[in-house]
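Please work through the exercises below with the sequence and the 3D view open. Try each task before reading its solution.

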Amino acid sequence: MGTLTLSASPLLWEQFLVGALDAGSGLHPILSRWQRSRALGAPCTGLPGEGPSVGHLELVERRARLEPVWHEVGGMMEALASAPLPSGRVALLADRDGVILSTRGSGGEFGSHADDVRLIEGACWDETSRGTNAIGTALAESSAVAVVGPAHYAHRHHGLVCYAAPVHDPFGELLAVLDVTGPAGAADPLVLVTVASMAYAVEARLRELAWARVAATARSGVESRLSREDGPVLLIESPGRVRQANGAARALLGDEATSGADRAWAAVLGLSWRELKEASLRGAPLEANVRGTPWRVHAETVSEGGDGAALAVLARMEPLVSRARPAPAPRVEVPPAAAPEKGPWVSLKGSDPHLRATLAEAARFAPTDIPVLLLSETGTGKELLARALHAASAVASGPFVAVNCGALSPALLESELFGHAPGAFTGARTGGADGKLAAADGGTLFLDELAEMPAALQVLLLRVLEDGSYSRVGESRVRHARFRLIGATCRDLEAAVRNGTFRSDLYYRLQGATLRLPPLRERSDLPELARALLAELAQSAGQTRPVLSLSALDRLHSHAWPGNVRELKTVLRLALVRAAGAAILDVAALPPELGRRSQPEAPGAVPPSRGAEPVADWSAPAAAPNTGDAPRALRELEARALQDALARSGGNVAQAARRLGIARSTLYRMVERFGIVLPPRS
C-alpha cells in the first residue's frame, strides 16, 4: 500500500483561495486536491455548527455492516490512541462514506478540540463535506495519506495532522478508513507508516477469513492447476497481488512480478485487476505481450460463494502460436523390450533394478495405443513417466494434456473434461468451452488421481474409450476425439473395484498395461539419484555442483521419504541454498528434522480454539491495557512495519523508505531507535 504526505504553508493556501495559483500546473501536489474540494463545493473556512452527520439509528445500521472489520481493528485503535503525547490524539474508524463509526482518544488538551471540530461518532468527513482531509482524501484516492496542518482545505482544520489508510474487502471494494488525528505540532511520519500497516494487516486477515470460507474442493482445484499446468499460471487477488504462481510463471515474469507486490505483474502483462476480473466473469480470453511474445490469458473466477464475486482470478497463459493437429496414429505391434537408456527415459534417473524393469516395460508399450495404468505412491514420478511414454509414442507430435481428477468437484470435472455448451450452467462461458478431450485429440490424455473420478463420469469415460464419442455438457451433438490414455493413482484400484467406488468394466478397460514405480525407500540407488538431482539443481541455479559427504548420505539413508523423489528433490534444493556455495555439502546443510520421526498427535486431539466471538461493543472502549502496554504495542507495530519493509526490499534502504513513504534519514533514525540490524542486500 503506497503512502502520500500532503503539506502546505498558510501562504500557499491563501494564494490558492484568491486565484493566484494555477491548480493544473502541477507545481505542488496539494493544489489538485484543493481544486477537487472546490469543485465539490466544500467550504474553505470550515463548517459552522455541527456539519453533516447521521442519526443514532443509521449509525447503528452502519456499524452492523462493518462488524467483521471492527473485530479486527478494535484493539489496534486502542494502541494508536494511547501513544504518549502531551496533547493527546484520537483514533477513528470511518465507513466508505466517510461517516465516523467509532472513536478512541487518549485525553489531554486535544480531546476537547477534537469534539469542537466534530471528530465524533456520526459526523461525516468526506471531501464534499470538509474538503481535503485524511479520511476524505484516503477514500477519494484509495491510498494511505497524511494531511498536515494548512494542507487541509478548510481553515478550521489547519491545526490538525491526520493520518488515514483505506481498508478494502477481499473482493477489492473499499470498506472503511482507519484514521489517527492529533495536533499539527505533533506530526510524526511513523504514525502514517503504522496506520497503513494496520490497514494492510486487517485486509490480509479479511482475505484469509474469506479463503477459509471457500469450498475445500475449489481450493484444492486451484492448487492442482498451479502445480499441474505446464504453462504459466497465476493466482491474483485484488488489487493485483499475486497470491501464488507456478514455476512456469516465475520463469516467464521473474520474481519481481510474482513476489506478491501489488500491481507488479500488471506492469509486465499490461492488464489491470479490473480487466482480469471482468474477463473472468465474461469467460472471454485476453491478450498480453510479454517481452515481445504474444500470449492469450484465460481468466477464471475463484469466488467465496455462489454470487460470482471474484475473491481471486486464476490466470492461465498460453502462447499465441498455431499448431496443426496431427492425424490419428495407426496401430502398431508391440516391439521387443529394449533397455531405455536414451531419449525421454533419461528424465527418470537411477539404476535401481525395479525402476529399470518398469522403464523397460514402458518402452515396450510406448509406441502402441494401448491404455497405460500407473499405480504408484505420490511423488515417485508418475507424471514424468507419463510424459516419457507420450514422447516415445506414435502421437509424440500431438498434445500432452494432464487433468487431476481429484482436484475438482464432479460438476467442474465433467465440464473440464468434456467441455460445455454456451449457457449450460450458471457461470458457463458465453461461447462455451471445448474441454480437455478435444484438447487431447491426436495426442495423449493423462488422468491423474483416477480413483477420485465420480461414478457417473466413469460411465462417460468408458464410452469415450470404446468409440471416441462424447457430448459437451448441455449439448446433444456427438463429438469425437482420438487420444492415447494414461491413467494414474496412488490408491488400490482393485480394492476400489471390490468396494464399489470404481467401476470394474472401466478398470478392465484400462488394464492394458500396468506399470509401478518403486517408492524411494525401496530403491537401491539413493546415492546415485541424490547426486544426479543435485547436479541438475546446481546447474539450474548457476552453481558449481557440490559433493555429498558420507555423513550427508547417511542422513539421507536414515529418512523414510514419505514424499518419495519429490521430497528428495525439495530437500536437496534447500540444502544447496544452505550450503551457500561450499564445495562439500555436509549434513549441516540438510534440514535438521530430516531422518527424525516426529511425535504423532494424540488420538482425537484438536487444535485450540478461540471459542465463540463476542459481539463487538462499538460504544464502549475496549478493556484498558496495562500501564505502558499501549505505547509498547505501538512501538512493536512500528518496528514490525520497518522490518517488513526492509525484508520486502531485500535490505535496500532507499527502496524500503519509498515503501514506507519516509525519507532515508528518517528510516536510519528508526533503525537506530529500534536497534534493528540491517539485513544484507539480496
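The model is predicted: local features need pLDDT of at least 70, side-chain atom pairs count only at pLDDT 80 or more, and totals for chains, interfaces and linings use all residues. Residues are numbered from 1 along each chain as its sequence is written, and side-chain values use heavy atoms, with hydrogens and water left out.

**Exercise 1. Strand β14**

Which strands pair with β14 in the parallel sense, and are its residues buried or exposed?

Solution. Buried means under 20% relative accessible area, exposed over 50%, and partly exposed in between (1.4 Å probe, protein chains only).

- Step 1: β13 (residues 400-404) runs parallel to β14 and is joined to it by five bridges; here Asn-404 stands opposite Asp-448.
- Step 2: β17 also pairs with β14 in the parallel sense, over four bridges, and Thr-444 stands opposite Arg-484 in β17.
- Step 3: in β14 (residues 444-448), five of the five residues are buried.
- Step 4: in a regular strand the side chains alternate between the two faces of the sheet.

**Exercise 2. Thr-489**

Where is Thr-489 placed, and which residues does Thr-489 touch?

Solution. Contact means heavy atoms within 4.5 Å.

- Step 1: Thr-489 belongs to strand β17 (residues 484-489).
- Step 2: its relative accessibility is 0%, so Thr-489 counts as buried.
- Step 3: leaving aside residues up to four places away in sequence, Thr-489 touches Leu-374, Leu-375, Ser-376, Lys-382, Leu-450 and Ala-451.
- Step 4: a polar atom of the Thr-489 side chain lies 3.0 Å from the backbone nitrogen of Arg-491.

**Exercise 3. Two helix pairs**

Describe how α1 packs with α2, and how α20 packs with α21.

Solution. Axes are lines fitted to C-alpha atoms, for helices over the stretch in contact, and angles run from 0 to 180 degrees between N-to-C directions. Angles under 35 degrees count as roughly parallel, over 145 as roughly antiparallel, 65 to 115 as roughly perpendicular and the rest as oblique.

- Step 1: the axes of α1 (residues 10-17) and α2 (residues 29-40) come within 11 Å and cross at roughly 45°, so α1 is oblique to α2.
- Step 2: Leu-12, Trp-13, Phe-16 and Leu-17 in α1 meet Ile-30, Leu-31, Trp-34, Gln-35 and Arg-38 in α2.
- Step 3: α20 (residues 526-540) and α21 (residues 550-558) pack at about 115°, with axes 10 Å apart; they are therefore roughly perpendicular.
- Step 4: Leu-526, Pro-527, Ala-530 and Arg-531 in α20 meet Leu-553, Leu-556 and His-557 in α21.

Technical notes: Polar contact = N/O pair within 3.5 Å; in protein donor to acceptor, adjacent residues only side chain to side chain. Pairing = 2+ DSSP bridges.
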